[in-house]
Amino acid sequence: MNEDSGNLNSYVFADDEHVRRERAKVREAKRSRWWQQKTARGLCSYCGKKFTFKELTLDHIVPLSRGGTTSPGNVVPACRMCNKGKGIDTPLDMLLSPPAPSEDT
Ligand SMILES: [Zn+2]
């Protein structure tokens, strides 16, 4: 049975094997087309600042340790500082109210 779609609110802690498997997909994901598209604008999903492609990290919205997966719906580009400072909290509320885009050019 695999019916965990739409069930993100049940905080099931995933087993090590799941984490290892999904972590292994990160390298692959970073080379994929959808990731290139996500990072094309160079914006961090949390602070909204602009970064170079190399500065952006792949961040899991639902952490792997909570059963999240390395898939387009669950990963966002984040700068190192946001990724690091976030800890284990699921930043869904941050995603629901994204920072206003800055207009300076
Ligand atoms: Zn950031």
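Strands β1 and β2 (residues 75–79) run antiparallel and are joined by five bridges. Strands pair when DSSP finds at least two bridges between them. In this pairing, H60 stands opposite V75 of β2. The model is predicted: local features need pLDDT of at least 70, side-chain atom pairs count only at pLDDT 80 or more, and totals for chains, interfaces and linings use all residues. Residues are numbered from 1 along each chain as its sequence is written.

The chain holds four helices and two strands. Both kinds of element are DSSP runs numbered from the N terminus, helices being H or I of at least four residues and strands E of at least two. Along the sequence, the pattern reads α-α-β-β-α-α. Of the 105 residues, 20% count as buried. A residue is buried if 20 or more other C-beta atoms lie within 10 Å of its own, exposed if 12 or fewer, and partly exposed in between, with C-beta atoms placed from the backbone. Among contacts between residues at least 6 apart in sequence, 66% join residues at least 24 apart. A contact requires C-beta atoms, placed from the backbone, within 7 Å.

Strand β1 covers residues 56–60, and four of these five residues are buried, so the strand is largely enclosed by the rest of the structure. The largest nonpolar core has nine residues: L43, C44, Y46, L56, V75, V76, A78, C79 and C82. Its largest share, four residues, comes from β2. Such a core is a set of buried Ala, Val, Leu, Ile, Met, Phe, Trp, Tyr and Cys residues joined through C-beta atoms within 7 Å. Setting aside residues up to four places away in sequence, V75 touches A29, L58, D59, H60 and T70.

C44, another core member, lies in the loop between α2 (33–39) and β1. C44 counts as buried because it has 23 C-beta neighbours inside 10 Å. Beyond its neighbours within four places in sequence, C44 is in contact with K49, F51, L56, P77, A78, C79 and C82. C44 and V76 are 32 residues apart in sequence, yet their C-alpha atoms are 8.1 Å apart in space.

T69 is placed in the loop between β1 and β2. T69 has 17 C-beta neighbours inside 10 Å and therefore counts as partly exposed. Not counting residues up to four places away in sequence, T69 touches E22 and N74. T69 and K25 are 44 residues apart in sequence and 9.0 Å apart in space, C-alpha to C-alpha.

Technical notes. Contact = placed C-beta atoms within 7 Å.
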